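Please walk me through this structure in plain terms. I have not looked at it before.

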Amino acid sequence: MKLSMGKVMKTAMIAGGLATLPTVANAATAMLAATDYVGISFWTISMAMMAAAIFFLMEAGRLPGKWKTAMTIGALVQIVAAVHYFYMRDVWVSTGETPTVYRYVDWLITVPLQMVEFYFILAAVAVVSAGMFWRLMIGSLVMLVAGYLGEAGLVNAWLGFVVGMAGWAYILYEIFAGEAGKVSAESAPEAVQKSFSTMRMIVTVGWAIYPLGYFLGYLNGAADAVTLNVIYNVADVVNKIAFVGVIWAAANAEAAKA
Ligand SMILES: *C/C=C(C)/C=C/C=C(C)/C=C/C1=C(C)CCCC1(C)C
C-alpha cells in the first residue's frame with residue numbers, strides 16, 4: 001500500500017483527536033502550556049504509571065504463582081492512578097484548580113490496594129491471618145474517608161484531620177509493631193524483609209506528604225495550589241510506582257533463588 005502525505009496527516013489527526021476525546025472539557029483551554037509544570041507533571045507521571053502497569057503485568061505472568069497476586073494488584077494501582085491523572089490534568093489545565101475529588105477517589109481505590117500488598121507479600125512467604133488483611137484495609141479507609149469529609153466541609157476540618165491521622169497511626173502500628181511487622185521480622189526471607197522495611201519507610205515518610213498538604217494547603221492555607229499539586233505528583237512517583245517496584249524486587253530475588 002502506498003502512503004500519501006495526506007493519508008498520513010489524516011490518520012495522525014484522527015489519532016490525535018481520539019487521544020484527547022475522553023478528557024477534553026474545553027478544547028480552547030485544554031492544551032498543555034510549556035510553562036504549566038503542574039500540567040506537565042500530571043502528563044509525564046500518568047505515562048510513567050501506564051508503562052509501570054504494563055511492566056508489572058508482564059512480570060506477573062513470568063514470576064512464580066505465589067507472587068502473581070501482589071504483582072497484579074501493583075499493576076492495578078498504576079492503571080487506576082493513571083486514569084485519575086488523565087482527568088486531573090484536564091481539570092487543572094482547564095480550570096487551574098486543584099482536582100480534590102479525583103484525588104480522593106484515586107486514593108480511596110489505590111491506598112487500600114497498596115496496604116493489602118503488605119498482606120500479600122507476607123502471605124507469599126509465611127502463614128498470616130485474614131485479620132491482618134482487614135485491619136490494613138479498614139485503617140486506610142478510616143484515614144481517607146475522614147480526610148475527605150474534612151476537606152469537603154462535611155465535618156469539621158480539624159476533626160477530619162485528627163481522625164485521619166488516627167487511621168494512619170493505626171496502619172503504622174500494624175506494620176511496625178502489629179502482626180504484619182512481627183511476621184516480617186520472624187518468618188520472612190531476607191529479600192522480603194528488606195522490601196517490607198522499604199515499603200514501611202515509604203508509608204511513614206513518603207505518605208507524610210499528604211497530611212502535610214492537608215495541613216498547609218487546607219487548614220492553614222500556607223501552600224498554594226501549584227506547590228501542593230507538584231509535591232503530591234512527585235510524591236506519587238515514589239509512593240505508587242517505586243512502592244510496587246520494591247515488591248517486584250523482592251519477588252524477583254525470591255524467584256531467582258528458587
Ligand atoms: C497514591 C496515593 C497515596 C499513597 C495517598 C496517601 C494518602 C494519605 C496517606 C493521606 C493521609 C491523610 C491523613 C493522614 C490525615 C487526614 C488527611 C489525609 C487523608 C490527607
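Five helices each supply at least two residues of the shell around the ligand: α4 (100–123), α5 (130–151), α6 (157–176), α9 (209–219) and α10 (225–257). Of these, α4 gives the most, with 5 residues. The model is a predicted one, and the positions described here are those of the prediction.

The shell has 17 residues, and those that come nearest to the ligand are Val111, Met143, Trp207, Tyr210 and Lys240. Taken alone, the ligand exposes 530 Å², and the protein buries 100% of that area. The site of the ligand is the largest cavity. By residue type, the shell divides into 11 nonpolar, 4 polar and 2 charged residues.

The protein around this site has 10 helices and 0 strands. Read along the sequence, the pattern is therefore α-α-α-α-α-α-α-α-α-α. The chain has 258 residues, of which 41% count as buried. Among contacts between residues at least 6 apart in sequence, 76% join residues at least 24 apart.

Some individual residues can now be placed in this picture. Threonine 110 lies in helix α4, the helix that gives the most residues to the shell around the ligand. Is threonine 110 buried or exposed? Its relative accessibility is 0%, so threonine 110 counts as buried, the cut-off being under 20%. Leaving aside neighbours within four places in sequence, threonine 110 is in contact with Val77, Val80, Ala81 and Lys240. Lys240 is also one of the residues that come nearest to the ligand.

Helix α3 covers residues 65–95, and leucine 76 lies in it. Leucine 76 has a relative accessibility of 39% and so counts as partly exposed, a class that runs between 20% and 50%. Between the C-alpha atoms of leucine 76 and leucine 57 the separation is 8.8 Å, while along the chain these two are 19 residues apart.

Tyrosine 87 is also found in helix α3. With a relative accessible area of 32%, tyrosine 87 is partly exposed. The C-alpha atom of tyrosine 87 is separated by 9.3 Å from that of phenylalanine 42, although the two residues are 45 apart along the chain.

Serine 94 lies in helix α3 too. Its relative accessible area is 23%, and serine 94 is therefore partly exposed. Glycine 39 is 55 residues apart from serine 94 along the chain, and their C-alpha atoms are separated by 10.0 Å.

Where does methionine 31 lie? Methionine 31 is in the loop between α1 (5–20) and α2 (37–62). Why does methionine 31 count as exposed? Its relative accessible area is 62%, and exposed means over 50%. Methionine 31 and aspartate 90 are 59 residues apart in sequence, and their C-alpha atoms are 8.8 Å apart in space.

Key. Residues numbered from 1 in each chain as written. Predicted model: local features only at pLDDT ≥ 70, side-chain atom pairs only at ≥ 80, totals over all residues. Heavy atoms only, no water. Near = heavy atom within 4 Å. Areas by Shrake-Rupley, 256 points an atom, 1.4 Å probe, with all protein chains shown as cover. 1 Å grid on protein atoms, 1.4 Å probe; cavity = no way out; pocket = protein on both sides within 12 Å on 5 of 7 lines; lining within 4 Å. Sits in = over half its atoms within 2 Å of the grid points. Helix = DSSP H or I, 4+ residues; strand = E, 2+ residues; numbered from the N terminus. Nonpolar A, V, L, I, M, F, W, Y, C, P; charged D, E, K, R; others polar. Buried < 20%, exposed > 50% of the residue type's maximum accessible area, 1.4 Å probe, protein only. Contact = heavy atoms within 4.5 Å.
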